[in-house]
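Student: I am new to this structure. Can we go through it in short steps?

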Amino acid sequence: MLETVLLSTILLSDTVATEKVQILDEVVIVSETGRGRKRSAKGQVASIDEHLSELKNVSLVRRGSYAWEPVVNNMQTERLSTTIDGMKIFYACTDKMDPVTSYVESGNLQSISLNSGLDGNPQATGNIGGSLDLKLRKAGFGNDAFHASASAGHEWNGHVQVYGADAALSSHRTYLNAGAFFRHADNYKVGGGDELQFSQFQKVNVFTNAGLRLAEKDMLEATFIFDRATDVGYPALNMDVAKAEGLITSLSYKHLFRNASWETKAYYNHITHEMDDTKRPDVQIHMDMPGDSWTAGVYSLLTTSHKQHDVALNYDLYYNRLFADMTMYPGGAAPMYMVTWPDVGTLNTGVAVTDNVSIARNQSLRLSAKMAWQQQRLNNEEGYHALKVFFPGMTDAYHQTTGRIAANYALSIKNCAFSIGAGWGSRAPTVTEAYGYYLNNTFDQYDYIGNPSLKNESAVELNGVAKFSVLNSQLSVEGNVFLFSNYIIGQFETRLSPMTVGAEGVKVYGNISHATIANVSLSWDWQITEQLRWNKKVSYSSGRDADGDALPLISPISWQSEWNYQHQRFQAQATIKGNARQSNYGEKYGETAAKAWTILNLSASYQCIMHNAQCIIRFGVENLFDKQYATYADWNHIPQKGRNIYMNLTFEF
């Protein structure tokens, strides 16, 4: 683990307060009422993507101005686990235009927690790179009898409008909170003033969380989320999105013991995604590309403390179905139909255990492990037989066993703190990697075909951190390395012809013997005066395949320098950040180099109290000097926003 943040949740019973400690690498607080390490300069009006960018091990692949794909330790969705309050949810787009994080809103979140690497949260599976869990904001029992908030914001670049409101009722026996969020954006302008076409979007999100205390130590909690995005432009891709819709529900039961708690949650979610190219000019062949994801699951988590041990035992099970197809309409010819995800049903079940051991006052040991088994079945006959043309020996059902184990030792001596960790983990191929059929990748302009005979990918992780505190400053050096076996990546197949117009060729997913991804960072945090704070961070990453060639989408040298000033209710911030030129890029995998860039952001906020209401006004400017730039993770190097002035207001009652 690279950094340890302790979050303590007090669980009240009639005789004792039991403290449940969860160890995380980092957490970003979303709710205004939360306490934590970081919060976006835009506050609760900020998008989920902007909150995710505050996590220091996280970067974001951007295909437009909406629904950015999280990347942890330079690993994308395939090697991550993303959950919402522990619930497994799977995207429904074959092009990853709708990551799990896109189906919630800031108004419904308390925090976003990160476990880096193989030491994942209890519900995580296949988390070689790390795991993200989005914690929902709930009123809770016995808090303020009534609480309400409203937010409104505007960004001048792209005329982004954000409106949100929520209210909460709480008593000893019940609680209820509900709200709605709306976002609308037009096309934005890049540095220099040119408008980037197809960068618009619109989104609405409504949510409800409710709780009922059955007895002093027994509680029921329910969650309902409906999220719908429409008219979403993706300038980096060939198609946009007419509709991305998510329905997320759960019901949980909690029981408190004297020194333990037990939670069991059942959940169901349905994701619908419809791609659209009808608004694009000069479309050679119109296509309809819908996708659906259904997931039903349950987990049961027992946490307890005994002497030097804080133990968590979790059992989880889920069943997911993924189906996607495509209909092409060539002018003057009959429509052509193709199944791209052959209705794959995945049944996965696993057991996880963690133990946080206090060896001495200045030493601790964390142990974690998980074992999971899954079975996948192809339920669509047409899709199954299409794949069987390329893989004659394949069957319609497969099963895999995956696991992970990790250990971390921490030691603190006076003004120094050290930790070292190691782990091993494996993951099964994703549905796309195993069963995808002629999926076009605009990153390298190749059509991709899955491979049902893929081996499980595995990795050994080594990590460490050293911190030194001197006077009012803290210096931190941290790093990790992942040594992969049977690394899964697309490989050239010259015997096959592409199906997409303009595609360079065909790639089939395969295993390469080994690969390496390494990350190291240096940060310095200095409290100059009581009001003024400065922190700086520099990071370097490297990724190589078995031939020593660079892997794609690995961050170049990056840096950030941030000045924070706070006096009473006023706060101001100046941030300079940038990347060096991407000298080591995955040319072999179709990547082209990203240029160096540096930008300056300014922000300020003021908080005032009026009667029983609190008002927070925020304003700022991003990319002050209107620089035109694109990061290494901007798909096809689509430019970021130019100068963007924003202002928002939040009222809490």
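**Strands, then two residues**

Tutor: Begin in strand β31, where Leu600 is the bridge partner of Ile576. Keep in mind that this is a predicted model.

Student: How many bridges join β30 to β31?

Tutor: Strand β31 covers residues 597–610. β30 and β31 run antiparallel. The number of bridges that join them is 10.

Student: Which residue takes a positive phi in the hairpin of β29 and β30?

Tutor: That hairpin has two residues between the strands. A phi near 55° is taken there by Gln568.

Student: Which are the edge strands of the open sheet of five strands?

Tutor: The sheet has mixed pairing, in the order β3-β8-β9-β6-β7. An edge strand here pairs on one side only. That picks out β3 (26–29) and β7 (87–88).

Student: Which residue in β8 stands opposite Glu26?

Tutor: β3 pairs with strand β8, residues 109–116. The sense is antiparallel, over four bridges. In β8, the residue opposite Glu26 is Leu114.

Student: Now a helix. Is Val431 buried or exposed?

Tutor: Val431 is found in helix α3, residues 431–435. Its relative accessible area is 7%. Buried means under 20%, so Val431 is buried.

Student: Which residues does Val431 touch, not counting those up to four places away in sequence?

Tutor: Contact here means heavy atoms within 4.5 Å. With that cut-off, Val431 touches Leu322, Trp341, Val344, Thr346, Gln376 and Gly436.

Student: What separates the C-alpha atoms of Val431 and Ser252?

Tutor: Along the chain, Val431 and Ser252 are 179 residues apart.

Student: Which side chain does a polar contact join to that of Ser473?

Tutor: Leave aside neighbours within four places in sequence. Ser473 is then in contact with Phe468, Trp524, Asp525 and Trp526. The polar contact, at 3.5 Å, joins the side chain of Ser473 to that of Trp524.

Notes
Residues numbered from 1 in each chain as written. Predicted model: local features only at pLDDT ≥ 70, side-chain atom pairs only at ≥ 80, totals over all residues. Heavy atoms only, no water. Buried < 20%, exposed > 50% of the residue type's maximum accessible area, 1.4 Å probe, protein only. Pairing = 2+ DSSP bridges. Polar contact = N/O pair within 3.5 Å; in protein donor to acceptor, adjacent residues only side chain to side chain.
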